[in-house]
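Please read the following report alongside the sequence and the coordinates.

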Amino acid sequence: MKNSYSFDTIIKRENTGSIKYDLRKEYFGKSDIIPMWVADMDFAIPDFIQDAVIKRAQHPVYGYTALDENFYNSVIDWMDKRHNWKIKKEWIGFTPGVVPALNFAILAFSKEGDGVIVQPPVYFPFFSAVKDNNRIMLENKLIYKDHYYTIDYNDLEEKAKKAKILLLSSPHNPVGRCWTKEELTKIGEICVRHNVIIVSDEIHHDLILPGYKHTPMAAISESIANQTITCAAPSKTFNVAGLASSVSVISNPDLYKRFNSLLDRLHVSRGNFFGYTALTAGYSKGGDWVDELMKYIEGNFKYLESFLNSELPDIHLTKEESTFLAWLDFTETGLTEKKIKENLIFEAGLAFSPGSIFGAGGKGFQRMNIAAPKKIIEKACEKLKKVF
Ligand SMILES: Cc1ncc(COP(=O)(O)O)c(C=O)c1O
């Protein structure tokens, strides 16, 4: 295999239309800075995806495309093999990205002025999905103790009384929790009790560190599945975010119809064939590649953790169970977020995502994307040490 498992290779990404690389000047005021912000990976996609996309590109007609049996079967098999979740073809829909899917779900299942629960600190487009659609944001803040995050169930129960929808990040970006089956069951049962629709963003579901296990929310029980919209994608898993292709899985026929008829009405239920091709190839052949990827990511996490412990004990890596995003607690440095940011950008030359963009509880934290060759992580650590 030519590309697979070449996680050590440093790839030049400048001038490829990459947000992470080509918009550094715009976002950070300088471009000679190591980009560790946007959540895509600096690794090559696996060769079986690239080969499939090239093969399709070589066909001379790029006409309208329908989802075929291979597409559905690859999604069904992947969910079964990787997540022990049995799904049916008639539950699956195409979505042109997970963030669009969150917005579609809000439009389909609530109206202006309705309450939507989010669990900050959380991926910031959750906030805009609520606010820009004129819904009321109900914050069920995560509990942070001993560098570890848990759910405040009492508060969730209170918020659920006033809500139509819960936007769940599972596994959670940025805090890296891979919620356990017990935690998800409690969340799900609260939502069932209060008739709150769960929009479960499971885009990071394949990025699970060795020793942990992802549980799809909708796999827990029929009553929970009955009010859950699952959003998943190959974009994080195989580094194909630029193809803007994702799936929704909805077993409740009424919710399926309400969600997918909105996409039909907006003419966005058919994506592009490069996206389908990459998804089908990844889900059909990608198991071993993802296992190797997660071993590599685990190595990067371990390196970062031991470096911080020995060289920078005031900066803590919160306990990571999933994703390739390190959530770093700088609060013990005693520095303001402004000062941390200035040090990172102008002294260290590191582009991280500042914690405050993830909402309540984010201040004093920084999110560092470690899906990069180990040499880059080592370089970034040395740069951090010089400044903090
Ligand atoms: C939790 C979460 N949801 C959605 C997305 C983006 O999804 P998409 O690019 O498919 O819109 C990200 C990207 O970082 C994410 O972390």
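## Strand pairing and backbone features

Strand S3 and strand S7 (residues 163–169) run parallel and are joined by 3 bridges, and Gly 115 of S3 has Ala 163 as its bridge partner in S7. This is a predicted model, in which local features need pLDDT of at least 70 and side-chain atom pairs count only at pLDDT 80 or more, while totals for chains, interfaces and linings use all residues. Residues are numbered from 1 along each chain as its sequence is written. Strands (E, at least two residues) and helices (H or I, at least four) are DSSP runs, numbered from the N terminus, and two strands pair if DSSP finds at least two bridges between them.

S3 (residues 115–118) is also joined by 4 bridges to S4 (residues 136–139), again in parallel, with Ile 117 opposite Leu 138.

Around the ligand there are 13 residues, of which Ala 39, Gly 97, Val 98, Val 99 and Asn 173 come nearest; a residue is near if its C-beta atom, placed from the backbone, lies within 6 Å.

Asn 173 also takes part in one of the cis peptide bonds tabulated here.

| Cis peptide bond | Omega |
|---|---|
| Ser 170 and Pro 171 | about -5° |
| Asn 173 and Pro 174 | about 15° |

Most residues other than glycine have a negative phi. Asp 146, however, has a positive phi of about 50°, and this residue is found in the loop between S5 (143–145) and S6 (148–150).
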